[in-house]
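New notebook page, new structure.

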Amino acid sequence: MGKLYWRYNDFLDQVDLLYPNLLLSRDGIPHNADAAFLWSNGLTYFFKTSNYYAYNETQGRVLPGYPKNVSAFWKGVPDSIDAVFR
């Protein structure tokens with residue numbers, strides 16, 4: 001994934017304005033995350049090695065208590081995630 005991430009707007013069928021964004025600018029997210037996705041709860045989940053981070057775009061920060069271990073919540077998912085889709 002590198003140091004950039006994109007947010008795709010499926011309603012408009014295009015990348016949202018102001019994207020890509022640098023991961024370095026996101027509070028608490030590793031700048032070299034392996035994968036990420038926006039879940040239906042409105043949070044963006046970033047994955048790095050065996051950890052994941054719940055990011056609240058509105059608040060501009062990772063939620064308290066993160067990072068957490070992938071296997072602690074994502075039962076049956078391997079720890080080394082390198083791609084995600086929803």
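Where does T49 lie? I found T49 in the loop between β6 and β7 (51–56). A note on terms: helices (H or I, at least four residues) and strands (E, at least two) are DSSP runs, numbered from the N terminus.

Before going further, I note that this is a predicted model, where local features need pLDDT of at least 70 and side-chain atom pairs count only at pLDDT 80 or more, while totals for chains, interfaces and linings use all residues. Residues are numbered from 1 along each chain as its sequence is written, and side-chain values use heavy atoms, with hydrogens and water left out.

I looked up the backbone of T49 and got a positive phi of about 50°, although T49 is not a glycine. T49 counts as partly exposed because its relative accessibility is 44%. My cut-offs are under 20% relative accessible area for buried, over 50% for exposed, and partly exposed in between (1.4 Å probe, protein chains only).

D13 also turned up with a positive phi, near 55°, and D13 is not glycine either. I place D13 in the loop between β2 (8–9) and β3. With 58% relative accessibility, D13 counts as exposed.

I have a cis bond from Y19 to P20, with omega near 10°. P20 sits in the loop between β3 and β4. I have another cis bond joining Y66 and P67, where omega is about 15°. P67 belongs to the loop between β8 (61–62) and β9 (68–69).

**Entry: the whole chain**

How many helices and strands are in the chain? I count one helix and nine strands. Reading from the N terminus, I get β-β-β-β-β-β-β-β-β-α.

I checked the overall size next. The chain has 86 residues, so a compact globule would have a radius of gyration near 12 Å, and the 13 Å of the chain agrees with that. That radius is taken over C-alpha atoms, and the globule rule is 2.2 Å times the number of residues to the power 0.38. Along the principal axes, the C-alpha atoms fill a box of roughly 35 × 25 × 25 Å.

Buried residues make up 31% of the 86. I also looked at contacts (heavy atoms within 4.5 Å). Among those between residues at least 6 apart in sequence, 32% join residues at least 24 apart.

**Entry: charges and the salt bridge**

I found 8 positive and 8 negative side chains, with the centres of the two sets 7 Å apart. Lys and Arg count as positive and Asp and Glu as negative, while His and the chain ends are not counted. Each charge is placed at NZ of Lys, CZ of Arg, CG of Asp or CD of Glu.

How many salt bridges does the structure hold? I get one, taking a salt bridge as a side-chain nitrogen of Lys or Arg within 4 Å of a carboxyl oxygen of Asp or Glu. The partners are K48 and D34, and their closest N and O atoms are 3.6 Å apart. This pair links distant parts of the chain, with K48 in strand β6 (residues 44–48) and D34 in the loop between β4 (21–22) and β5 (35–38), 14 residues apart. D34 is partly exposed, as its relative accessible area is 22%.

**Entry: D16**

Is D16 buried or exposed? I note D16 as buried, because its relative accessibility is 14%. D16 is in the loop between β3 (14–15) and β4. Leaving aside neighbours within four places in sequence, I see D16 in contact with R7 and N9.

I found D79 in the segment after α1 (70–73), partly exposed at 32% relative accessibility. Which residues is D79 in contact with, leaving aside its neighbours within four places in sequence? I list T49, S50, N69, V70 and S71, so that brings me back to T49, with its place between β6 and β7. I also took the C-alpha separation of D79 and F47, which are 32 residues apart along the chain, and got 9.1 Å.

G42 lies in the loop between β5 and β6 and is partly exposed at 44% relative accessibility. From G42 to T58, 16 residues apart along the chain, the C-alpha atoms are separated by 9.3 Å.
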